[in-house]
Amino acid sequence: MKTYTLPLFALLFTLGSLTAIADGYEVGDRATDFRLKNVDGAMVSLSDYSDAKGFIVIFTCNHCPYSVAYEDRIIALDRKYRDKGFPVIAINPNDPAVQPEDSFEKMQERAEEKAFPFPYLFDEGQKIYPQYGATRTPHVYLLEKSDGDHIVRYIGAIDNNHSDPENADQHYVADAVDALLAGDNPDPDMTKAIGCTIKTKK
Amino acid sequence: MLFLAGSIVRAQALPEPTRVISSNTHVVPVYRGFEAMAPLVERRPDTLHIINFWATWCAPCVKELPYFEELTRERGDRPLKVVLVSLDFRQQLETRLLPFLKDRDITSSVVVLDDPDANSWIDRVDPSWSGAIPGTLFLGKGTRLFREQTFTRNELHSLVDSLLERTP
């Protein structure tokens, strides 16, 4: 038993360290563009937005209570910043075979119920979220256009109070966009939050 | 020996809670603000503590919960203690968490961490944690290990076996 469990433990430890190294974007990295299906059936890419200065890319979904808690705040971010050049692009990264509430049809229903003013895209085949390194919903990547590239300027949470917007006193994403609009670097440029795991087949 | 193991667990008391919620089957300490709960994740207890961050609304958490319960129910005289740290929403503690604990007949220690400013405390649990749940901290005299993953029964039991064997 001893000879069996110790190598297994070592293996688990090694796997853990390897995944930590391979994890997605950091602030300053170039983010990939994509071509994903929106709830209205159209394919959407970042390159479609020739006038945008950047994007508030948010990995989010239907089923997660944290995502639901932030829906109205995500709508408000789009209303506030779309015309200033930073539209919201929402992407559902979950595999509906694992979480049926996050199917494309259910996404369409939710987008209509809440009248999402922003694209709500389906990461079909789950090719995009791993490149970004998203680990939970909601998970924000604020991108800024620079010489044809999309540079990651902020990664993390929307604000510091998921349960009560009135009591949030750090509005991370809004502050980060305001900083970019003023020509500054976001501070903080990285935050964490509790969220739902992204649902994949093991 | 059983009696001794019991007294060891009692000696590693939970930090003083901000308040307590209860049903006719469960008494659950609530920590308002991470600071109140911090000693639980910052000390190095003699008993291996398996501290699982979860919520009733989190499907992968609920899926792995029975394996943590098995550790508690089948621990015998093994020096381990499971603490389930619920991150359920403040408004749902009485309406959702307490009925869940009763329905599932949960026997492990359950506490509630009520601190929405998660960015201020996630790194204090472990810097490698992105914040997705479930996440589990294994804490013992010579052990500090965090796993952001959903465990299978075998993965959890093998890891706990190997951690207990390493303990001097």
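Modeller: Phe53(B) touches Met37(B), Val41(B), Cys61(B), Val85(B), Leu87(B), Val125(B), Trp129(B), Ile133(B), Pro134(B) and Gly135(B), leaving aside residues up to four places away in sequence; contact means heavy atoms within 4.5 Å. This is a predicted model, in which local features need pLDDT of at least 70 and side-chain atom pairs count only at pLDDT 80 or more, while totals for chains, interfaces and linings use all residues. Residues are numbered from 1 along each chain as its sequence is written, chains are lettered from A and ligands numbered from 1 in the order in which they are written, and side-chain values use heavy atoms, with hydrogens and water left out.

Phe53(B) belongs to the largest nonpolar core, which has 92 residues. Such a core is a set of buried Ala, Val, Leu, Ile, Met, Phe, Trp, Tyr and Cys residues joined through side-chain atoms within 4.5 Å. Buried means under 20% relative accessible area, exposed over 50%, and partly exposed in between, with a 1.4 Å probe and protein chains only. Together with Phe53(B), the members that touch the most others are Ile56(A), Met37(B), Trp121(B) and Ile133(B). Another core, of 22 residues, lies apart from it and includes Leu36(A), Phe55(A), Phe59(A) and Ile128(A).

Next comes the interface. Chain A contributes 26 residues to the contact and chain B 33 residues. About 2,500 Å² is buried between chain A and chain B, and carbon and sulfur atoms give 62% of that area; buried area is the accessible area (1.4 Å probe) that two parts lose on being put together, summed over both. The rule finds one salt bridge across the interface, where a salt bridge is a side-chain nitrogen of Lys or Arg within 4 Å of a carboxyl oxygen of Asp or Glu. Lys192(A) and Asp123(B) meet in a salt bridge through their side chains, at 2.6 Å from N to O.

On the side of chain A that touches chain B, α1 (2–21), α2 (65–81) and β9 (195–197) of chain A each supply at least two residues. Helices (H or I, at least four residues) and strands (E, at least two) are DSSP runs, numbered from the N terminus. The largest share of that side, seven residues, comes from α1(A).

Asn161(A) also touches chain B: apart from residues up to four places away in sequence, Asn161(A) touches Tyr70(A), Arg73(A), Asn167(A), Ala168(A) and Pro116(B). Asn161(A) sits in the loop between β8 (149–156) and α5 (172–181) of chain A. Its relative accessible area is 8%, so Asn161(A) is buried. The side chain of Asn161(A) reaches the backbone nitrogen of Ser163(A) at 3.1 Å.

As for chain A overall, there are five helices and nine strands, and buried residues make up 51% of the 202 residues. Among contacts in chain A between residues at least 6 apart in sequence, 74% join residues at least 24 apart.

Technical notes
Polar contact = N/O pair within 3.5 Å; in protein donor to acceptor, adjacent residues only side chain to side chain.
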